[in-house]
Amino acid sequence: MDTRSKELFEAARRHIPGGVNSPVRAFGSVGRTPRFIASAHGSRIVDVDGNELIDYVCSWGPGILGHAHPQVIEKVREACLDGLTYGAPTEREVQMAELLSKLMPSMEVSRLVSSGTEAVMSAIRTARGYTRRDKVIKFKGCYHGHSDGLLVKAGSAALTTSVPDSAGVPSDYTRNTLVALYNDPDSVEAFFRANPGEIAAVVVEPAAANMGVVPPAPGFLEFLREITEKNGALLIFDEVITGFRLALGGAQEYFHVTPDLTTLGKIVGGGMPIGVYGGKREIMEIVSPLGPVYQAGTLSGNPIATAAGLETLRILQADPGIYRRMEEKAKRIEDTVREAAGDRVCVNRIGSLLSLFFTSVRVTDYESAVSSDTASYARYFGYLLDHGIYAAPSQFEAMFLSDAHTEEDVETTCRVIRDFLRGME
Ligand SMILES: *Cc1c(COP(=O)(O)O)cnc(C)c1O
């Protein structure tokens with residue numbers, strides 16, 4: 001059933017660290033062999049052994065229209081015929097920047113890069129350059145890519161020390177990153193009090209989706225907006241997942257809170273590598289060549305990636321009903337879990353993002369998220385996989401719905417999840 005995947009994984013491990021080019025793909029926390037994918041269309045992916053699976057990973061978010069959307073593929077095909085990259089400006093980059101400022105009015109000025117990691121790294125450099133301050137507050141459990149300064153965990157004396165969360169990151173690089181607690185205003189306030197005039201920015205996932213899905217508590221984002229403003233710090237929304245996912249205008253439209261800078265990735269590339277950072281004109285004009293904050297990229301604004309992203313955004317723009325449709329499907333899965341599992345499982349959902357946590361506590365932050373039983377999650381994941389459903393191979397990742405998931409897909413998914421949860425003692 002997964003013979004070919006097993007062979008490929010064995011071969012992969014000889015020449016690729018852990019056999020994968022991004023760690024979560026290795027299925028390490030669910031104890032299975034990763035499926036090697038041969039193709040994907042709509043809501044379905046097909047692995048190299050010919051198994052067809054209903055996909056709720058959607059490449060970790062970009063696949064909002066499902067895989068291989070014909071209009072997106074056509075634009076990519078057309079773009080390829082004109083050459084793959086020039087290292088010079090193109091018209092589509094202008095169209096992209098104009099469209100972004102229309103869909104997300106806070107992004108008056110934006111720059112394209114090639115990944116979410118690069119976008120957040122650059123936004124933080126910009127915030128530091130603009131405010132001429134060094135310190136940045138991030139939240140435990142939020143992920144902002146793998147740049148040195150953001151791979152941080154709180155040290156033992158949390159208020160004063162942060163330590164690297166990865167080998168190879170010098171502690172000097174993380175000294176200026178302060179780790180606060182999600183949905184806990186006091187932890188943020190304490191940092192502002194202890195570091196007067198030194199905090200450049202607060203960076204946050206406006207709805208956290210990298211510790212599983214954890215929505216912001218009512219008032220939390222408004223609080224961040226207020227305290228940053230009061231202290232001359234910038235508010236950075238990392239909308240790499242939430243951008244174009246919660247609404248066409250992202251979490252900032254969904255929650256009506258406007259950040260100073262925004263970072264995008266995933267959906268904005270339509271399945272190709274793009275990241276974006278942008279915001280207020282006055283801030284963004286500090287970036288080179290206008291200002292002293294250096295940032296560059298050989299493949300930035302790549303014509304093929306821009307074609308895929310632009311077409312994806314245009315499709316979303318032309319059919320805003322997509323959000324309601326996706327939310328209805330996600331809600332059916334949510335309701336199924338609640339009905340079948342009662343309070344043995346916590347299900348968090350916001351729009352078309354959801355997570356099942358195998359814990360009876362309400363998950364509102366990192367501490368409560370990690371109270372969930374990852375062994376149960378691994379069994380759930382394996383059961384779904386064996387019944388034709390590809391969910392995130394980690395307790396701490398979201399389930400992504402797409403517009404391509406059919407009623408029948410959702411029906412099947414609900415039945416399999418219900419069967420699993422009822423079978424749990
Ligand atoms: C995925 C993600 C990133 C990193 O993006 P990459 O394209 O993987 O570098 C940053 N922030 C958030 C919120 C993400 O979900």
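User: Where in the chain is the place of S59?
Analyst: Residues are numbered from 1 along each chain as its sequence is written. This is a predicted model, in which local features need pLDDT of at least 70, side-chain atom pairs count only at pLDDT 80 or more, and totals for chains, interfaces and linings use all residues, while side-chain values use heavy atoms, without hydrogens and water. Helices (H or I, at least four residues) and strands (E, at least two) are DSSP runs, numbered from the N terminus. S59 is found in the loop between β3 (52–55) and α2 (70–81).

User: Which class, buried, partly exposed or exposed, applies to S59?
Analyst: Buried means under 20% relative accessible area and exposed over 50%, with partly exposed in between (1.4 Å probe, protein chains only). S59 is not a glycine, yet it has a positive phi of about 60°. Its relative accessible area is 46%, so S59 is partly exposed.

User: Which class applies to W60?
Analyst: W60 also lies in the loop between β3 and α2. W60 has a positive phi of about 70° although it is not a glycine. Because its relative accessible area is 18%, W60 is buried.

User: Which residues is T336 in contact with, leaving aside neighbours within four places in sequence?
Analyst: T336 belongs to helix α11 (residues 321–341). With a relative accessible area of 8%, T336 is buried. Contact means heavy atoms within 4.5 Å. Apart from those neighbours, the contacts of T336 are C414 and R418.

User: Which elements do the buried residues of α7 pack against?
Analyst: Helix α7 covers residues 220–230, and its buried residues include F220, L224 and I227. An α-helix has 3.6 residues a turn, so residues three or four places apart point the same way. The packing partners of the buried residues of α7 are β5 (135–139), α6 (185–194), β9 (199–204), β10 and α8 (250–255).

User: What is the radius of gyration of the chain?
Analyst: The radius of gyration is taken over C-alpha atoms, and the globule rule is 2.2 Å times the number of residues to the power 0.38. For 425 residues, a compact globule would have a value near 22 Å, which agrees with that of the chain, 21 Å.

User: Which element has the lowest mean pLDDT?
Analyst: pLDDT is the predictor's confidence in each residue, from 0 to 100. The chain has a mean of 97, and 99% of its residues reach 70 or more. Strand β10 (residues 234–238) has the highest mean among the elements, 99, and the lowest, 86, belongs to strand β6 (residues 152–154).
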